[in-house]
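Welcome! Here is a short briefing to read beside the structure, starting with a pocket and moving on to strands and charged pairs.

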Amino acid sequence: MADITDLPVMTRDDAIAAGFAGYNDVPHKPIDVPDGAFTITAKTSEGRRVTFCFLEKTYGGPPRFIDIQFHDRGTTIPNADNGVSPTFIAFAITRGGRFVADSRPLDEDIKPSILVLMLDKAGEEPARSATKPAPMSDTDLAALLTRAAEVVAAPDSRIASDRNALAGQLTAEAAVRRARPS
């Protein structure tokens, strides 16, 4: 078994003082992740399980990305190993609280089963592809436009809570379509 340093639960400030990152002023459980593939598994008081699999680019090397899975949503999709993987909902937030990725409006059969967090530092990531991202399919665009129409038609409804996510998706899709040659 790989050697790990299992430190006690501590304050955010104590974790930072020990060389770890802090996030929110809540208890922190610092873990030194060893080189090579390594999974941290966690479970909530309700039994909801999540795994963080740290993976390397070269066998036995330092981790360079993390595969994250939530195991208890109750849905699965076929995976590349002829098995099934759990699906979940995820979104990413950028400056100003804008959502830049959001799986909530996706059909069940294409919800993510793995969220990959790259551990590259600025300047280490591979060059961006010269190809432009593909626009949404007509079906996905129709669903997005329907959501937009619902928000416009009933601005005070519960749908308004998705306003930022919707605005982000519409803006991103417009940018993709603007970049395409006419």
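The largest pocket of this predicted model has a volume of about 840 Å³. A pocket here is an open set of points on a 1 Å grid over the protein atoms alone, where a 1.4 Å probe fits and protein lies on both sides within 12 Å along at least five of seven lines. The volume is the space filled by probe spheres set on the points, which are joined across faces, edges and corners.

Residues are numbered from 1 along each chain as its sequence is written, and side-chain values use heavy atoms, with hydrogens and water left out. Because the model is predicted, local features need pLDDT of at least 70 and side-chain atom pairs count only at pLDDT 80 or more, while totals for chains, interfaces and linings use all residues.

**Around the pocket**

- The lining of the largest pocket is made of 21 residues, a lining residue being one with an atom within 4 Å of a point.
- Look for Phe20, Ala21, Lys29, Ile31 and Phe54, which lie nearest the centre of the largest pocket.
- By type, the lining of the largest pocket has 16 nonpolar, 3 polar and 2 charged residues. Nonpolar covers Ala, Val, Leu, Ile, Met, Phe, Trp, Tyr, Cys and Pro, charged covers Asp, Glu, Lys and Arg, and the others, Gly among them, are polar.
- Strands S2 (31–32), S3 (38–43), S4 (49–56) and S5 (63–70) each give at least two residues to the lining of the largest pocket. Strands are DSSP runs of E with at least two residues, numbered from the N terminus.

**The sheet**

- An open sheet of 4 strands runs in the order S3-S4-S5-S10, with antiparallel pairing. Its edge strands are S3 and S10 (115–118), each of which pairs on one side only.
- From one strand to the next, the twist averages 20°; such angles are taken between N-to-C directions of lines fitted to C-alpha atoms, on a scale from 0 to 180 degrees.
- S3 and S4 pair in the antiparallel sense over 6 bridges, where pairing requires that DSSP finds at least two bridges between the strands. Thr39 stands opposite Cys53 in S4.
- The hairpin of S3 and S4 has 5 residues between the strands, and Gly47 in the turn has a positive phi of about 85°.
- S4 and S5 pair in the antiparallel sense over 7 bridges. Val50 stands opposite Phe70 in S5, and Thr51 stands opposite Gln69 in S5.
- A hairpin is also formed by S4 and S5, with 6 residues between them and a positive phi of about 80° at Gly60 in the turn.

**Salt bridges**

- The count comes to 6 salt bridges, each a side-chain nitrogen of Lys or Arg within 4 Å of a carboxyl oxygen of Asp or Glu.
- Arg49 and Asp72 meet in a salt bridge at 2.7 Å, N to O. This pair links distant parts of the chain, with Arg49 in S4 and Asp72 in the loop between S5 and S6 (76–78), 23 residues apart.
- Arg49, at 40% relative accessibility, counts as partly exposed; buried means under 20% relative accessible area, exposed over 50%, and partly exposed in between, using a 1.4 Å probe and protein chains only.
- Glu108 forms a salt bridge with Arg73, their closest N and O atoms being 2.7 Å apart. Glu108 is in the loop between S9 (98–102) and S10 and Arg73 in the loop between S5 and S6, so the pair ties together parts 35 residues apart in sequence.
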